Amino acid sequence: MRLGVIGLGLIAQAVHLQNLQTLREKYQVTHVCDLSATLAAQVAAEYGGPVRHSTDAAEVLADPEVDAVLILTPGTHAYLARRALEAGKHVLAEKPFAHTTAECLELDALAAAKGLVLQVAYMKMYDPIMARARAELASLGALRLVRVTVLHPDDDPQFAHQRHLRYGDVDPTAVDTSYERAKAAEAVGDLGEPYVSIYTNVLQGSVVHELSVLRALFGEQPLTIAHAQAAGLKPGVKLEEPPQLQALGTLGDAQLSLSWNWLPDFPDYGEEIAVFGSAGRLYLSMPGPYLRDARAELVVESMQGGERATTRLVSDHRTGFVHELLAFHASVTEGAPVLSTATGAAYDTAALQQIARSLA
């Protein structure tokens, strides 16, 4: 598959470009694009082979040597995804996909009408341990509680081990955030600050991953947020750093407890999904996103023949990022169904909007 990569920042350099090199039998990168001309030229030269480079996404979308695009720009990605679909390109777009559910549903319909693949890059859904975790739920009996805990360090320690090229040659006037601001306002209505920033930066930037994991495990069961809280919120005042965020609700017949915590002075990322049933317990630990060989771990405690049994499993060394690229290739070339659809992203987005409204 001939691939165009739009956006060459941290996630491209630390994860995707390296994985595309590993999967070079399936992917040929033919065009890279970034607002920094220096960065685009350097990435193209270092990648190897005849790779074109540009500073305008329109050039990638018009390139006849590009079959599909990987969208890795900051913020949401619905606007560029729409342009790519209209240009006849298959799309793999990083999260967050969109601020509104309407964008998600409209673009899924557009992709279907054009016969193109649209996949949202929820890499955790593609971790190979997810299928085993989902299968183990049946051994837990009636599900009572789903507890999600995220311990989020400052950003810099998470990718200090990664090379991250940055240059100061981007024209500030080339960055148009009007669409992003308008859709964020549409998503949260007249809530104002600090809720808009919490929605765009924390909920869409990080908590959205937890919704995708819950969807991978339980499907799109009815999800309701009854209460959410965060310390130090003052209407009209934007927070100086992310909050400690807690939300309570229901997921299907189970209680849901979601805890997202900004802990900047300890460098390790932590994420656990715990499921408690009448007959057993399941603990799923997910690795930090910038660790190439870190593996997810699953522990299941259940009753077998009147005896307590504990099973511990770890996923393989190919992370969810690699598996999502393999899945995208299979969907485009073989017609395999898409796991992380834009309609699924609408489910996640609706839940995040519930949390924002509950906070306010």
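Student: Okay, in which sense do β13 and β14 pair, and over how many bridges?

Tutor: They pair in the antiparallel sense, over eight bridges. Keep in mind that this is a predicted model.

Student: Which residue in β14 is the bridge partner of E301?

Tutor: That's T310.

Student: And how many residues sit between the strands in the hairpin of β13 and β14?

Tutor: Two. In that hairpin, G305 takes a positive phi, near 60°.

Student: What about strand β12, how does it join β13?

Tutor: β12 covers residues 280–285 and β13 covers 297–304; they run antiparallel, with six bridges joining them. Look for Y283, which stands opposite V299 in β13.

Student: Zooming out, what's the order of the strands in the open sheet?

Tutor: Eight strands form it, in the order β8-β9-β10-β7-β11-β12-β13-β14, and the pairing is mixed. At the edges are β8 (223–230) and β14 (307–314), each pairing on one side only. From one strand to the next, the twist averages 15°.

Student: Which helix lies across β8 and β9?

Tutor: Helix α11, residues 342–359. α11 runs at about 40° to β8.

Student: Switching to helices, which residues of α4 are buried?

Tutor: In α4 (residues 78–86), the buried ones are A78, L80, A81, A84 and L85. Looking down the axis of α4, you'd find those buried residues within an arc of 160°, so they line one face of the helix.

Student: What follows α4?

Tutor: G88 does, and its phi is positive, near 85°.

Student: Last topic: pockets. What's the volume of the second largest pocket?

Tutor: About 250 Å³. For context, rolling a probe the size of a water molecule over the atoms shows where empty space is left.

Student: Which residues line the second largest pocket?

Tutor: The lining is Q13, L17, Q18, Q21, V43, E46, Y47, Q162, R163 and L165.

Student: Which helix gives the largest share of that lining?

Tutor: α1, with four residues. Both α1 (10–22) and α2 (37–47) supply at least two residues each to the lining of this pocket.

How values were computed:
Residues numbered from 1 in each chain as written. Predicted model: local features only at pLDDT ≥ 70, side-chain atom pairs only at ≥ 80, totals over all residues. Heavy atoms only, no water. Pairing = 2+ DSSP bridges. Axes fitted to C-alpha atoms, helices over the stretch in contact; angles between N-to-C directions. Contact = heavy atoms within 4.5 Å. Buried < 20%, exposed > 50% of the residue type's maximum accessible area, 1.4 Å probe, protein only. Arc of directions from axis to C-beta. 1 Å grid on protein atoms, 1.4 Å probe; cavity = no way out; pocket = protein on both sides within 12 Å on 5 of 7 lines; lining within 4 Å. Points joined across faces, edges and corners; volume = space filled by probe spheres on them.
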